[in-house]
Structures are given as structure tokens and as C-alpha cells.
Amino acid sequence: MYALQVWIGALLTLMIFSFLYKDNPFYKFAEHLFVGVSAAYWMVVGVWGTMVPNMLAKIHPPLVRNILPALANAEPEYHYIIPCIFGILLLTRLINPIAWLSRWALAFIIGYTAGVRFSRYLQSDFVGQIKSTLIPIVAVNDSGFSIGMTFSHVVLIVGVVCGLIYFFFSKEHKGAFGAASRVGIYILMVTFGASFGYTVMARISLLIGRMSFLGEWIGMILGWFS
Amino acid sequence: MRRRIPIIITFVVGTALILAMFIPHAPFSSLDENLSVYFDIIAVFAFILGGGNLIRVHLVKIQRKKVDWPYSIVCIAGFLFMLIIGFFKVGGPPGLRGDFLAEGSWFRFMFEAVFNPLQATMFSLLAFFVASAAYRAFRAKTKEATILLISAFIILVGRTPIGHYFTFWLPKQLEFLHIPTLANWIMGWPNTAGQRAIMIGIALGVIATSLRIILGIERPYLGAEK
Amino acid sequence: MSVVQKLGNVDRRIIFLLIALAVIIPLVFNISFMEHPTPIVQVIFDKIESLPEGSKVLLPFDYGPSTAPELEPMATAVTRHCCKKNHKMYIMALWPTGQAQALRIIENVIEEEFPDKVYGTDYVHLGYKAGGYGLINTILADLKKMYTTDAPGTHIDDIAMMSDIQNLRDFAFICNFSAGFPGLKEWVQFAGDPGDIPVAGGTTAVSAPLLYPYYPRQMLGMMGGLKGAAEYEAALVHQYPEYEFVYQRAIAIMGPQAIAHLVIIIFIIIGNITFFIEKKRQKKIG
């Protein structure tokens with residue numbers, strides 16, 4: 001079975017890689033197969049992982065007697081009908097005449113997201129980040145004044161402030177404000193360069209992973225002949 | 001009613017969650033928990049909606065014999081096959097009990113043989129396009145682009161073992177110019193400064209947008225319908 | 001057409017071929033290098049190493065096959081480390097594909113290398129639940145509200161190691177393996193900060209630069225991409241020399257990684273040289 005798995009995987013991998021030469025029927029076949037299989041995977045995992053134990057088993061526990069017997073004797077919790085109703089409302093999006101009902105479910109999703117992100121972004125990404133920027137400008141370690149750490153701290157504090165100044169568009173970037181904005185751009189360019197370097201690293205890692213897998217497949221073929 | 005009820009839902013849910021942050025006691029704490037559970041369950045219906053929409057789009061494509069319509073059959077066939085073997089846990093422990101990803105199940109086999117290599121290879125294609133884009137488009141046309149390039153070079157070299165061999169010969173006083181040291185410094189200080197400025201800016205945007213959504217000023221879920 | 005013009009207009013398929021060769025040749029010849037952990041990775045290793053034996057460690061698997069080459073090596077190394085230290089491992093997933101990825105680690109690391117580990121006592125696979133940050137928000141308050149069974153279907157109250165777990169605050173450490181959204185950022189925002197729980201983890205190299213602002217106050221440490229994985233493996237080998245002869249995937253792959261990076265740098269340099277020569281030529285004509 002493992003050999004069959006590797007063979008199917010290798011053939012599909014080569015079909016996708018064939019796109020690098022040019023678009024072709026093999027690539028299109030693999031691409032469409034991927035779309036269908038992944039959509040079904042998400043549905044199956046979602047239903048078995050969450051819908052059955054966390055909704056059906058809560059509303060009517062005997063319903064899952066032959067699926068999750070461990071949950072069949074629990075007390076029903078009828079308030080779980082609320083997400084069930086909202087979920088069905090969401091599905092009405094597929095039926096054009098009553099698609100407007102899905103807005104109620106979307107409103108819940110968006111209201112929840114807005115409410116929960118308001119507090120989390122305020123704490124972690126705003127107050128938390130300001131707190132992390134309030135570091136000593138003059139850095140001292142065990143052996144006294146540290147010029148390296150001081151320089152780093154200054155870069156951080158000045159970088160954050162100038163970067164924020166660059167994004168402030170309510171005032172014209174002239175004079176001292178403009179100079180600070182220019183420093184901000186340079187800091188951001190270093191940031192984007194670092195991001196580019198890391199992005200290249202990530203993509204190459206993924207390619208190495210696939211080549212490694214194809215190497216395993218070729219090794220399997222050579223193993224059959226030796 | 002079509003527009004008013006979703007706005008009310010968003011307001012009630014969003015406000016309840018913000019209040020729960022400031023009043024972490026009953027009934028707000030249990031409201032926060034329950035709303036979170038409802039959100040988790042409704043998320044599964046979103047997967048089902050995605051699957052349903054996929055079927056609808058591809059069935060229309062087949063019916064109207066649009067470009068590449070035969071591949072839509074591949075998509076739907078893959079979707080239905082994966083769905084059936086997943087929902088009925090074919091090949092796994094008898095009946096519907098047990099893990100749908102159990103060793104020996106068809107769903108697990110399809111994940112390892114089809115889904116896994118297809119998704120991995122799709123993303124590994126990006127390595128080639130990143131290389132091509134770097135060759136054709138990455139030009140040091142301006143000061144800012146040059147800074148970006150230099151930063152990217154230091155990261156690309158410094159975050160691999162080869163970086164050590166470029167500058168290992170530097171004397172102790174110039175150790176800070178050792179490429180891996182420079183790469184780590186860039187990530188820890190200028191990159192952090194730039195990313196922090198961006199993060200604070202995004203946080204302010206999220207906080208403002210969340211408030212606007214909760215208060216009904218922005219209604220993305222209502223669409224364009226009057 | 002001059003050489004410079006030809007270089008500037010080279011068919012992209014030649015570039016694709018060169019990149020493929022840059023990856024294949026070092027893989028064939030097994031080129032690899034020594035690795036040394038940086039402080040941002042070492043701190044994660046030190047945390048797991050310093051936790052008392054039997055500490056509860058939550059390992060969320062938030063990635064899929066597309067990012068497994070970067071994240072599976074670090075997940076393997078961290079799981080191995082937790083097993084060596086006899087920590088109790090609670091495995092879960094915010095991504096649907098994470099559940100299957102976690103199974104691979106359980107089968108290839110825990111069951112294969114540590115057959116004495118008992119399911120339900122030393123490790124448990126809680127599986128995937130939908131909701132992303134909503135799920136984290138739920139389990140911060142009450143874990144058993146969402147996790148009523150483990151992944152295979154055993155009632156949560158019948159699992160010995162779940163008896164004293166009420167919510168996320170009962171964990172000594174959360175070490176997340178994340179490929180994007182939801183992931184390490186959400187664990188910091190929704191668990192680490194509000195719950196005051198030590199959070200660290202590994203992430204893809206694409207996401208790593210974005211998470212540096214959280215280090216070190218809100219995020220203990222981070223393994224960024226394959227390099228981060230290689231550094232953790234190096235730290236593990238340094239502490240436990242018996243792993244020196246066990247195949248360390250990330251360290252092995254760093255060789256092809258380094259060569260490919262050099263090739264990309266050469267591409268950029270050649271591209272810029274041709275650009276500036278062409279620009280000078282156009283100026284002379286104009």
C-alpha cells in the first residue's frame with residue numbers, strides 16, 4: 001500500500017510540475033482533482049470533528065449512540081439549537097430566492113470577529129507593542145555600559161517611531177517630520193528585505209521537500225531493479 | 001427587516017464580547033464562552049457552504065459546456081469520492097465509530113496519496129516563480145530598493161550555514177560584521193522595529209473597523225442589495 | 001541581440017531548470033553543514049529542558065502538507081524532546097490538516113521511538129475543532145466545553161491525563177507549529193497575553209519576520225522556518241548525543257537550501273548587472 005501511495009503521489013507531483021514547461025491537460029487534471037479532494041477533506045473533518053460531537057451530540061445525545069457512544073448518555077443542551085439555526089441560515093446562500101437569510105449568520109460571524117478582535121488587538125498588538133518599545137535607551141549589562149545594545153535599542157525605538165510617522169498621512173511629510181518619515185522608509189525597506197529573504201527561504205524549503213519525495217520514489221524504482 | 005436584524009445581531013454579539021472583557025463575571029463570562037462555541041460550530045457550516053458552492057459552480061460549468069468543462073467532472077468526482085469515503089469511514093474500524101483518519105481507512109490513504117502531494121507540490125511551484133521574479137524584477141533602481149536588496153542578501157546568506165564561511169576570518173573586534181551575526185541583528189532590531197510599526201498601525205485599523213462594524217456604520221455583510 | 005540583451009530576456013524555463021538543479025545536486029551528494037542555535041530558538045529548548053518532569057505541554061499542530069517540509073522537522077524535534085523529558089503531551093489542531101499531520105508525528109516519533117509511552121497517560125490526541133481563534137477563546141475558559149472526546153472518540157473524562165485540565169491556564173507551556181492563520185499570532189493574542197501562559201513555537205519562514213515584535217515579552221521564542229528547525233535539532237543533538245546518528249531532516253536539508261540561496265543571489269546580481277549595462281547603453285543612444 002505504501003508503494004502505491006508513493007507512486008500515486010509521485011505521478012501527481014510530476015503532473016503539477018509539468019506546468020513549469022507550459023499549461024497542459026495533466027496539470028489541469030491534477031489541479032481540479034486537488035480542488036475537489038481538498039473541499040471534501042475540509043467538510044469531512046469539520047463534520048466529524050466538530051458538528052457531530054459539539055452540536056448533534058449536545059442537542060440530542062441518543063442520535064450519536066452508534067458513532068460516539070461515550071456521549072450518548074449525556075444530558076441534552078438545547079441552546080445548541082442556536083448555532084444550528086445560524087448554520088442552516090448560512091447555507092441558504094446557495095438558494096438564490098432566500099439567500100438574504102444568510103446575512104443573519106454572516107452578521108453573527110462578523111459581530112463575533114469584531115468583538116473579539118477589538119480587545120485582543122488592543123491588548124496584544126497595540127498596548128503590548130508600545131510596552132515592548134519602552135526599553136532603556138542606554139543599555140547596561142553586567143560589565144557596564146554596552147555600546148552595542150545601546151545602539152540596538154536606539155535603532156528599535158527610533159525605527160518604531162519613524163515607521164509610525166511614515167504611516168501618518170494627516171500631516172504633510174516636510175521638514176523634521178519629513179526627515180523622520182524618510183528614516184521610517186529606510187527602516188521599512190530593511191524590514192521588507194528581511195521578509196523577502198525569509199520568503200525565498202520558505203519557498204525553497206518547500207521545493208526541497210518535494211524533490212526529496214521524488215528522490216524517495218526514484219530510490220524505490222531503483223531498488224526494484226537492483 | 002432584511003437589513004435591520006443583521007445590524008442588531010452584530011451589535012448585540014460584538015457588544016457582549018467587549019463587555020465580557022471588562023466584566024469577566026456571570027452572565028458575561030458564560031455569554032463569552034457560549035458565543036465562542038456557537039462561532040466554532042457555525043464555522044463548520046461555512047465548510048459545507050464551500051463544498052456546496054463548489055458543486056454548484058462546476059455543475060453550471062458542465063451544463064453550459066464552458067471552457068475546460070470536462071475537468072469539472074474530475075473535480076466533482078474527486079469531491080464526491082472523498083466525501084463518501086470520509087462520511088462513511090470506509091476501510092476503517094467497522095461501523096461509524098472510530099477515527100475517520102484511522103490507519104487503513106480509505107480517507108487516510110487518499111489524504112496521504114492524493115491530498116498531501118498535490119497541496120505540497122502546488123506550493124512548491126512558488127520557489128520557481130520567486131527565482132524567476134528575483135531575476136527579472138528585483139532591480140536596485142533607487143536608494144530604497146538598494147537597501148532592500150542589501151538586507152535581503154544578508155538574510156539569504158546569513159540564515160544558511162554558508163554565511164559563516166564568508167566572514168569567519170574577521171578579527172574579534174569586527175565580529176559584529178560576521179554575516180550570521182548581522183542577519184540575526186537585522187531580524188532582532190530593524191526588522192522588529194519596522195514590523196512593530198506596521199503591527200501598531202494595523203491594530204489601530206482593526207480597532208477602528210471593529211467599532212464601526214459593531215456600531216453598524218460599516219455593514220460588509222449586507223452586500224450591495226438595497 | 002547582444003549577450004547582455006540575451007541574458008535579460010532568458011526564457012524563464014531555463015531559470016526554473018537551474019533552480020531545480022541547485023536543489024537536486026546537493027540533495028544527491030548529501031551536502032550538509034553544522035548548525036548552531038540562536039538565542040530565539042535556544043530559549044524554547046531551555047524552556048522544555050527546564051520544565052519539571054511530567055509537565056503538561058500543549059502542542060497545537062496548525063499546518064498542512066504544503067508547509068510540512070518546514071514544520072514537520074521542528075515538530076519531530078520538539079516532540080522527541082518532550083518524550084525524552086517525560087512531559088505530558090496534549091496534541092490538538094486548529095487546522096483541519098493539522099490532525100493528520102499530528103498523527104504522522106505520533107506514529108513516527110512517539111510510537112516508534114518511545115514505545116513505552118502510554119496513550120492517555122503520557123500523550124493524548126485531542127484532534128481538530130473548527131473555529132480558529134474562536135476555539136482558543138473557548139478553551140482558554142473551558143477546554144472540555146469543546147473537547148468532549150479525544151480524536152478517536154473516547155470520552156474526555158475517561159482519559160487519565162485530562163482529569164486535572166480545566167482550561168489553557170493548566171498548561172505549563174504551549175508550543176505551536178503554525179503555517180499562518182490561525183497560528184502562533186492567534187495563540188499569543190488569545191491565549192498567551194490574556195491567560196499569561198508561556199507561548200512559543202515554530203512557524204514558516206514567510207510568517208517568521210511578522211512575529212518578531214512579540215519576542216521576547218509576549219512570545220518566549222520562535223523557530224523560523226527550516227533554519228529554526230535545524231537549530232532546534234542541533235540543540236537536541238548537543239544535549240542528547242545519542243541523536244547524533246539519528247537522521248536530522250532539517251540539518252540535512254540546509255545544505256541544498258544554502259546552495260539554492262546562493263543561486264538566487266547570483267540571479268539577482270546578474271539581473272542587476274544586465275539592467276545597469278542596458279540602462280547605460282540606452283543613455284548613450286538617447
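This is a predicted model: local features need pLDDT of at least 70, side-chain atom pairs count only at pLDDT 80 or more; totals for chains, interfaces and linings use all residues.

Student: How many residues of chain C are in contact with chain B?

Tutor: Let's take both sides of that pairing. Chain B brings 44 residues to it, and the number of residues on chain C is 46.

Student: Which helix of chain C gives the most to the side that touches chain B?

Tutor: Several elements give two or more residues to that side, including helix 2 (12-28), helix 5 (96-113) and helix 11 (249-285) of chain C. By class, the side has 27 nonpolar, 13 polar and six charged residues. With 12 residues, the top contributor is helix 11 of chain C.

Student: Is Gln99(C) buried or exposed?

Tutor: This residue sits in helix 5 of chain C. It touches Val45(A), Leu101(B) and, among others, Tyr128(C), leaving aside residues up to four places away in sequence. A residue needs 20 or more other C-beta atoms within 10 Å to pass the cut-off. Gln99(C) has 26 of them, so Gln99(C) is buried.

Student: Why do the buried residues of helix 7 of chain B line one face of the helix?

Tutor: The residues in question are Ile179(B), Pro180(B), Ala183(B), Ile186(B) and Met187(B). They pack against helix 6 (175-225) of chain A and helix 9 of chain C, among other helices. Seen down the axis of helix 7 of chain B, they line one face because they fall within an arc of 125°.

Key: Residues are numbered from 1 along each chain as its sequence is written. Chains are lettered from A and ligands numbered from 1 in the order in which they are written. Two residues are in contact if their C-beta atoms, placed from the backbone, lie within 7 Å. Helices (H or I, at least four residues) and strands (E, at least two) are DSSP runs, numbered from the N terminus. Ala, Val, Leu, Ile, Met, Phe, Trp, Tyr, Cys and Pro count as nonpolar, Asp, Glu, Lys and Arg as charged, and the others, Gly among them, as polar. A residue is buried if 20 or more other C-beta atoms lie within 10 Å of its own, exposed if 12 or fewer, and partly exposed in between; C-beta atoms are placed from the backbone. The arc is that of the directions from the helix axis to the C-beta atoms.
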